[in-house]
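Hi everyone, thanks for having me. Please take a moment to look at the sequence and the structure, and then we'll walk through one part together.

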Amino acid sequence: MRRERSRTNRPPRRSIVARTDADDEVLGRAFDRRLIARLWQTTRPHRRLVVAGMLLFPVVAAVELLQPWLVKVAIDEHILRADWAGLATIAGFYLATLAALYALHTVESYLMHLTGQRVMHDLRAALFERLLALDARFFDRNPVGRLMTRVLNDVEAVNDAFTGGLFAVVADVVTLAGVVAIMLWMDWRLALVTFSIVPALLVAAAYFRVRSRDAYREVRRRLARLNGFLQESLQGMSVIQLFARERHEHASFRRLNGDYRRALFGSTMFEASLYASVEALGSVALALLVWYGGSQIASGGLTFGALVAFMQYTHRFFLPIRDLGAKYAVMQAAMASSERIFGLLEVRPAIVSPASPSIARPTAGTPALEFRGVWFAYEGEDWVLRDCSFQVARGEHVAIVGATGEGKTTCARLLNRSYDVVRGQVLVDGVDVREWDLERLRRHVGIVFQDTLLFTGTVEANLRLGADGTVSSADLDRAVKLANARTFIESLPRGLGEELGERGHNVSQGQRQLLAIARALVYNPAVLILDEATSSVDPGSERLIQEAMRELVAGRTTVTIAHRLATIQGADRMLVLHRGRVHEEGTHQTLLRAGGLYAKLYELSMGARTA
Ligand SMILES: Nc1ncnc2c1ncn2[C@@H]1O[C@H](COP(=O)(O)OP(=O)(O)OP(=O)(O)O)[C@@H](O)[C@H]1O
Ligand SMILES: [Mg+2]
């Protein structure tokens with residue numbers, strides 16, 4: 001179930017960049033056995049595809065290795081003997097191997113891509129499912145940018161592991177093993193000539209691997225920075241333009257963009273150097289072969305065709321090694337990404353329904369809501385509520401007031417278990433919220449949060465959000481009417497069918513609030529909590545909301561949270577929150593007369609209103 005989450009009173013998130021950064025720059029080994037094992041598990045539903053693809057590897061290798069052999073036969077037995085008919089047969093065979101390779105490669109690539117795509121699809125679904133189950137605290141700690149990276153980019157990197165890394169390496173190893181075996185079998189001395197290059201090759205590969213890993217890590221770090229910057233700029237575009245910061249932002253972007261380009265270029269250069277070095281060493285190997293093999297032919301120890309075939313095998317031997325750099329980078333990225341993906345999949349939601357939820361059976365005296373010695377902090381010991389206790393009777397209309405940041409919204413979040421208390425208890429109908437079935441609780445306690453969030457879709461779809469399928473049009477009508485949103489909805493060209501944009505940006509804030517109230521009313525919650533529902537509307541809309549409120553309150557337990565005390569004087573009782581607990585409580589009149597904190601807040605609020 002989608003819920004609104006309030007995001008007020010928090011320091012702005014300037015830290016996206018830094019956080020994604022720290023996380024994404026960690027690059028470990030290219031082959032981590034534990035991660036490979038887990039990746040292998042994710043292929044389980046598609047095991048047949050994988051196995052079919054892998055069965056093709058030896059077949060492909062065999063056909064590839066057959067080609068040089070055919071060349072050898074063609075030279076030694078047909079060309080040198082001027083047997084043109086035989087040569088035609090061999091040419092036919094050669095053509096057949098080409099056709100077979102073409103077909104095999106097509107099927108192989110098809111299977112690998114299909115597997116990769118399916119695994120990617122599964123992972124993305126699993127990640128989103130996990131995210132849906134996670135609690136508000138998790139989202140406090142993980143910026144949106146980072147989670148987007150998990151679901152989109154990291155999953156993509158894992159796909160690359162299937163299509164360009166893991167299986168390609170396995171295929172290479174199979175081919176390489178075949179090449180080595182054939183070379184040794186044909187002529188072990190000649191084979192050793194080729195292999196004499198291997199130590200130099202290893203040194204070059206090791207050197208470039210280290211350098212390219214560092215370069216690649218730098219690429220990732222700078223890309224993360226660029227990503228974070230871009231995301232923040234796009235989200236804050238209106239503020240950037242408002243403060244005429246375009247030029248400044250442009251300069252920052254250019255700097256980050258340039259950094260990224262340089263890092264990318266550096267990384268590409270290492271890859272290219274490795275490529276070139278391996279090519280050069282391959283040429284040296286060929287030269288040695290021609291030199292040694294030529295003398296062998298002269299002394300009759302080797303046929304001409306065998307030497308040509310050998311040279312081709314040598315080429316096949318160097319090919320996978322030459323491409324190793326690219327594959328290494330792909331695997332490294334894939335390992336880092338899968339580590340993060342599996343990390344996220346392993347996060348256990350902190351707030352879940354109990355195994356056997358209690359059903360509330362309230363008696364006449366049971367308060368509808370109760371805070372019993374509640375202690376709560378978002379982080380460590382930064383107590384927002386300290387030993388906070390209060391009760392709200394059934395059908396009562398209570399207003400919670402207090403200065404900004406005193407914890408009013410926090411109380412609402414504890415009531416629907418967006419967060420759990422640290423100590424004490426929050427009870428709804430006499431039952432601890434931790435014993436309620438979560439979905440039931442959230443239908444029982446309807447909350448209209450400060451910043452209303454609407455989703456892309458029609459007005460009607462947004463109103464039905466909390467109760468899909470189970471709501472009749474009559475219920476919908478009633479909610480719209482109660483929320484005083486009817487005039488507004490009827491004024492829309494398509495009425496209930498009007499499409500809202502992303503986050504409901506094409507309706508005003510006041511209209512959004514009317515819709516949010518209607519949305520909370522659609523499933524007719526027994527308890528309604530309105531968090532400053534009138535904070536951002538013009539006097540006209542405010543009056544509409546006020547009137548709606550009067551209707552709402554009738555026969556329903558209601559808690560309103562408001563700064564502007566004028567709007568809540570009708571409440572049965574005021575709770576004044578101060579320093580984490582209820583500092584004063586009583587009716588508007590008694591509290592005014594008492595001349596305490598409430599009286600002061602009221603005075604300030606009235607002053608602000610008339611000023
Ligand atoms: N998600 C969060 N993570 C960490 N701290 C938070 C979070 N939300 C709120 N806080 C902190 O908890 C305290 C209480 O916040 P809360 O939103 O409950 O205040 P409030 O009384 O609703 O304020 P306002 O009247 O401005 O809406 C504040 O100091 C705030 O900085
Ligand atoms: Mg608040």
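Let's start with the sheet: 6 strands form an open sheet, in the order β6-β9-β10-β3-β11-β12, and the pairing is mixed. The edge strands are β6 (445-448) and β12 (581-586), each of which pairs on one side only. From one strand to the next, the twist averages 20°; axes here are lines fitted to C-alpha atoms, for helices over the stretch in contact, and angles run from 0 to 180 degrees between N-to-C directions.

Before we go on, this is a predicted model, in which local features need pLDDT of at least 70 and side-chain atom pairs count only at pLDDT 80 or more, while totals for chains, interfaces and linings use all residues. Residues are numbered from 1 along each chain as its sequence is written, chains are lettered from A and ligands numbered from 1 in the order in which they are written, and side-chain values use heavy atoms, with hydrogens and water left out.

Strands are DSSP runs of E with at least two residues, and helices are runs of H or I with at least four, numbered from the N terminus. Two strands pair if DSSP finds at least two bridges between them.

Now, pairing by pairing. β6 and β9 are parallel, with 4 bridges, and isoleucine 447 has isoleucine 529 in β9 as its bridge partner. Strand β9 (residues 527-531) is joined to β10 by 5 bridges, again running parallel. On the other pairing, 4 bridges join β3 (residues 397-401) to β10, also parallel. Which residues partner threonine 560 of β10? Alanine 399 is its bridge partner, and leucine 530 stands opposite threonine 560 as well.

Is β10 buried or exposed? For strand β10 (residues 557-561), 5 of its 5 residues are buried, where buried means under 20% relative accessible area, exposed over 50%, and partly exposed in between (1.4 Å probe, protein chains only). In a regular strand the side chains alternate between the two faces of the sheet. Here both faces are covered: Thr557, Val559 and Ile561 on one side, Thr558 and Thr560 on the other.

Last topic, cysteines. How many disulfides are there? The count is 0, taking a disulfide as a pair of cysteine sulfur atoms within 2.5 Å. For cysteine 388, the nearest cysteine sulfur belongs to cysteine 411, 5.1 Å away. Cysteine 388 is buried at 0% relative accessibility, and cysteine 411 is buried too, at 2%.
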